[in-house]
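Keep the sequence and the structure open side by side as you read.

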Amino acid sequence: MTSPMQITVKLFARAKDLAGTGDLSLSLPEACTVGQAKAAIVSNCPNLRVVMPNLLVAVDGEYATDATPLTESCELACFPPVSGG
């Protein structure tokens, strides 16, 4: 049996507006991935379901994929794609 780990989630732009907060704290199973964390975020904030597929995710400041493993006390940031010129 695995023990839960705590991670911090930072939400930006529309995700922050839809969630009504810029910060979430999640308790997730040990050996969790970004994909599993995204599902937990949507479970906690169903309004994010509409934007979650398009959000970019970073773990401790580094871009991450759904397969990226999470560690205890890491920070997950969710933000919309940025375009520029």
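Where is the place of Ala13? Ala13 sits in helix α1, which covers residues 13–19. Helices here are DSSP runs of H or I with at least four residues, strands are runs of E with at least two, and both are numbered from the N terminus. Ala13 has a positive phi, near 55°, in a residue other than glycine. Its relative accessible area is 42%, so Ala13 is partly exposed. For that wording, buried means under 20% relative accessible area, exposed means over 50%, and partly exposed is in between, using a 1.4 Å probe and protein chains only.

Asp60 isn't a glycine either, and its phi is positive too, at about 50°. You'll find Asp60 in the loop between β3 (56–59) and β4. With 48% relative accessibility, Asp60 counts as partly exposed.

## What we're looking at

This is a predicted model, where local features need pLDDT of at least 70, side-chain atom pairs count only at pLDDT 80 or more, and totals for chains, interfaces and linings use all residues. Residues are numbered from 1 along each chain as its sequence is written, and side-chain values use heavy atoms, with hydrogens and water left out.

## The aromatic pair

Rings of Phe, Tyr and Trp (its six-membered ring) pair if their centres lie within 6.5 Å; planes under 30 degrees apart are stacked, over 60 edge-to-face, and the rest tilted. That rule gives one aromatic pair. The partners are Tyr63 and Phe79, tilted, with 6.0 Å centre to centre and 55° between the planes. Tyr63 lies in strand β4 and Phe79 in strand β5, so the pair ties together parts that are 16 residues apart in sequence.

Tyr63 is exposed at 64% relative accessible area, whereas Phe79 is buried at 17%.

## Between the two strands

Ala67 belongs to the loop between β4 (62–63) and β5 (75–79). With 61% relative accessibility, Ala67 counts as exposed.

## Cysteines

How many disulfides does the rule count? The count is zero, where a disulfide is a pair of cysteine sulfur atoms within 2.5 Å. Cys32 is in no disulfide, and the nearest cysteine sulfur, that of Cys74, is 8.8 Å away. Cys32 is buried, at 3% relative accessibility. Cys74 is likewise in no disulfide, and is buried with a relative accessible area of 1%.
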